[in-house]
Amino acid sequence: MCFITVSLEKSVVSRLTISGQKFEVLVDPYKALEIRKGSNVNMEDVLAYPAIYRDVRQSQIASQQDLQKIFGTTDVNKIAARIIKEGELQLTTEQRREMIEQKKNQIANIISKRGINPQNNMPHPPQRILNAMEMAGVKVDPFEDAELQVDKVLKAIKTILPIKFQKVLLEIKLPPQYAAKSYNLIKSLGNIQQENWLNDGSLKLNIEILAGIQEEFYQKISSLTHGNYESKILKKEDI
């Protein structure tokens, strides 16, 4: 028995045309997008109905013979995955708007963490970046990876918001009682360039982080060590 987990009301059509022949599937738009990005998603969580259509609106299901001829298989999951990866994804206006908002937020968070205001060397909050994106009339692609859209967005908002990307090299020294338990957190926040475990069990290391997370970095280390650590900036570099 097949248990359908995708709402028909919220599903959309994914369509692929091969040699002039159209094939369609009904899918969850967000799960389908994960597949397009290369994620391994269970097809039961993607398909609203386990069938390959010639025309969804007319409920015209493709014949087994056509599927075998065009796709070399009659396996619905394999064919659906190909349609999703290679075809079009038809979103409703509301779904597109929601996905665009999610993408904007992702981009704003990336820029907030990497960038600083050169006037005060502090990061711009994500909402300020979102406001600048709105003022600049920035258009984002709901299907394109947020990372790939950062440069375009940055160029657009630089005329409105003073911003530059910068990385910082810090020297951190942790006392013995906090060194081991702080190490994994520190490592997760940046790129450790050098580390030295001292004879007394304390840890001294150099770590490169994005300038935009410098305050967050200090807050997390201070919370773990109750403020009992040493730090200094070794180098700042624009990127």
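**Helices, Loops and a Strand Examined by Definition**

Modeller: In helix H7, the buried residues are Tyr178, Ala179, Ser182, Tyr183, Ile186 and Leu189. The model is predicted, so local features require pLDDT of at least 70 and side-chain atom pairs pLDDT 80 or more, whereas totals for chains, interfaces and linings use all residues. Residues are numbered from 1 along each chain as its sequence is written, and side-chain values use heavy atoms, with hydrogens and water left out.

Biologist: What makes these residues of H7 "buried", and which elements do they pack against?

Modeller: Buried denotes a relative accessible area under 20%, exposed over 50%, and partly exposed in between (1.4 Å probe, protein chains only). The buried residues of H7 pack against strands E7 (164–174), E8 (191–197) and E9 (203–210), and against helix H8 (214–225). Contact here requires heavy atoms within 4.5 Å. The elements themselves are DSSP runs numbered from the N terminus: helices (H or I) of at least four residues and strands (E) of at least two.

Biologist: How do you know what length to expect of H7, and where is its kink centred?

Modeller: The expected span is 1.5 Å times one less than the number of residues. H7 covers residues 176–189, and its 14 residues reach 20 Å from the first C-alpha to the last, close to the expected 20 Å.

Biologist: Why are H7 and H8 called roughly antiparallel?

Modeller: Two packed helices are described by the angle between their axes and the distance between the axes. The axes of H7 and H8 come within 10 Å and cross at roughly 165°. Axes are lines fitted to C-alpha atoms, for helices over the stretch in contact, with angles from 0 to 180 degrees between N-to-C directions. Angles under 35 degrees count as roughly parallel, over 145 as roughly antiparallel, 65 to 115 as roughly perpendicular, and the rest as oblique. The pair is therefore roughly antiparallel. Among the residues that meet are Tyr178, Ser182 and Leu189 in H7, with Phe217, Ile221 and Thr225 in H8.

Biologist: What is the handedness of the crossing where H7 passes H8?

Modeller: H7 passes H8 in a right-handed crossing. A crossing is left-handed if the near helix is turned anticlockwise from the far one by less than a right angle, and right-handed if clockwise.

Biologist: What makes H1 oblique to H4?

Modeller: The axes of H1 (residues 29–36) and H4 (residues 93–114) come within 11 Å and cross at roughly 50°. That angle makes H1 oblique to H4. H1 passes H4 in a right-handed crossing. Pro29, Tyr30 and Leu33 in H1 meet Gln95, Glu98, Met99 and Gln102 in H4.

Biologist: How do you know that the span of H4 agrees with expectation?

Modeller: Its 22 residues should span 32 Å at 1.5 Å a residue, and the end C-alpha atoms are 32 Å apart, so the two agree. Buried residues of H4 include Gln95, Met99, Ile107 and Ser112. The buried residues of H4 pack against E1, H1, E6, H5, helix H6 (146–157) and E7.

Biologist: Why is H2 also called oblique to H3?

Modeller: H2 (residues 64–71) and H3 (residues 76–86) pack at about 60°, with their axes 12 Å apart. That angle makes H2 oblique to H3. Their crossing is left-handed, and Leu67, Ile70 and Phe71 in H2 meet Ile79, Arg82 and Ile83 in H3.

Biologist: How do serine 19 and asparagine 121 stand by accessibility?

Modeller: Serine 19, in the loop between E1 (12–18) and E2 (21–27), is exposed because its relative accessible area is 69%. Asparagine 121, in the loop between E6 (115–116) and H5 (126–135), is partly exposed at 39%. Phi is positive in each: near 50° for serine 19 and near 60° for asparagine 121.
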